[in-house]
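Okay, thanks for making time, everyone.

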Amino acid sequence: MDPQDDSFDFLFKIILIGDSNVGKTCLVQSFKTSQFCERQQNTIGVDFTVRTLSIEGRRVKMQVWDTAGQERFRTITQSYYRSAHGAMIAYDISRRATFDSLPRWIHELKQFGAANVLTALIGNKRDLEAEREVQFEEACKLAEAKGLLAAVETSARDAWSVEEAFVMMARRLLMQNDTSVADDHTHAVMLRSNSHTVSLTSASSADEKKPCAC
Ligand SMILES: Nc1nc2c(ncn2[C@@H]2O[C@H](COP(=O)(O)OP(=O)(O)OP(=O)(O)O)[C@@H](O)[C@H]2O)c(=O)[nH]1
């Protein structure tokens, strides 16, 4: 383990859930090492990774729990929900079925997670634009309807917005726990392709550069 991870000001546990093969493990690896691993093996049960971020002078230790998406591990993975401060529910933008599963994951999180768990939707495999089956706006609408923090698109393959997604989560958790940390909307602004962004708090427009964050 990285020695810098030994000391910290805040420790946040983040759980990564979502259907099998949406890229959860690759996202965690990208966050930890900035590298893409073309891995084929499915996660068995739960793995965890730690990285300490520096945010406004605070050392924020992110303990990320990568869960297996396969149904047969559901009982094990659900037992990790309760202690999570934040949850990232991942889907694959090129596989509609993984997006259609989101309400079920959100429901499970409500059922087994803490009442105030901060939740973001992560649309991974953004590099597969030609195969896109889910529009970003749909994810934004779902995030808004379910009262979630944000919808974000990432590519673990290109390390695109992965760091920003975790930093956004860390910053929001920090804001909840340390009132001297300011809200910085610029983080969320970076999380969308440069074509356009959608605001959940005002009318959307193709020209607006606003965050998709509630
Ligand atoms: N094109 C593309 N492929 C990706 C990306 N992220 C992951 N993959 C591929 O998607 C497949 C599944 O990735 P994993 O990270 O193992 O998926 P997982 O969600 O952890 O799967 P489970 O462990 O079964 O829950 C692998 O073949 C990866 O190479 C991405 O951003 N873009």
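I'll start with confidence and the overall fold, then go to the ligand, the sheet, the core and a few loop residues.

So, ground rules. This is a predicted model, where local features need pLDDT of at least 70, side-chain atom pairs count only at pLDDT 80 or more, and totals for chains, interfaces and linings use all residues. Residues are numbered from 1 along each chain as its sequence is written.

How does it score? The pLDDT, the predictor's confidence in each residue from 0 to 100, averages 84 over the chain, and 80% of the residues score at least 70. The part to be careful with is residues 185–214, where pLDDT is below 50. That stretch still has 62 contacts in the model beyond near neighbours in sequence; a contact here is two C-beta atoms, placed from the backbone, within 7 Å. The model's ipTM is 0.99 and its pTM is 0.86.

Now the fold. There are seven helices and six strands in the chain, and by those I mean DSSP runs, H or I of at least four residues for helices and E of at least two for strands, numbered from the N terminus. Reading from the N terminus, the order is β-α-β-β-α-β-α-α-β-α-β-α-α. Of the 214 residues, 42% count as buried. For burial, I count other C-beta atoms, placed from the backbone, within 10 Å of a residue's own: 20 or more is buried, 12 or fewer is exposed, and in between is partly exposed. And if you take contacts between residues at least 6 apart in sequence, 69% of them join residues at least 24 apart.

On to the ligand. It is surrounded by 22 residues, with G23, T25, N42, T43 and G69 the closest; the cut-off is a C-beta atom, placed from the backbone, within 6 Å of the molecule. By class, that shell has 11 polar, six charged and five nonpolar residues. The classes are Asp, Glu, Lys and Arg as charged; Ala, Val, Leu, Ile, Met, Phe, Trp, Tyr, Cys and Pro as nonpolar; and the others, Gly among them, as polar.

Which helix gives the most to the shell? That's α1, residues 24–33, with three residues. Seven of the 10 residues of α1 are buried, so the helix is largely enclosed by the rest of the structure. The buried ones are K24, T25, C26, L27, V28, S30 and F31, and they pack against β1, β2, β3, β4, β5 and α6. Just after α1, S34 takes a positive phi of about 60°.

Let's do the strands. Strand pairing here needs at least two DSSP bridges. Strand β1, residues 10–18, pairs with β3, residues 58–67, in the parallel sense over seven bridges, and F12 sits opposite M62 there. Strand β2, residues 46–55, runs antiparallel to β3, with 10 bridges joining them. In that pairing V46 is opposite T67, and S54 has R59 as its bridge partner. The β2–β3 hairpin has two residues between the strands, and E56 takes a positive phi near 45° in it.

What about the core? As a reminder, nonpolar side chains in soluble globular proteins tend to be buried together. The largest nonpolar core has 53 residues, and I14, L16, I89, A120, L121, M169 and A170 have the most contacts inside it. Helix α6, residues 162–177, gives the most to this core, with nine residues. By nonpolar core I mean buried Ala, Val, Leu, Ile, Met, Phe, Trp, Tyr and Cys residues joined through C-beta atoms within 7 Å. Take A120: leaving aside neighbours within four places in sequence, A120 contacts M88, L148, L149, A150, V152, A165 and M169.

Last, the loops. N21, between β1 and α1, has a positive phi near 70°, and with 16 C-beta neighbours inside 10 Å, N21 counts as partly exposed. K125, between β5 and α5, also has a positive phi, of about 70°, although K125 is not a glycine. Is K125 buried or exposed? Buried, with 25 other C-beta atoms within 10 Å.

Then there's R82, in the loop between α2 and β4. R82 counts as exposed, with 12 C-beta neighbours inside 10 Å. Not counting residues up to four places away in sequence, R82 touches F112, G113 and A114.
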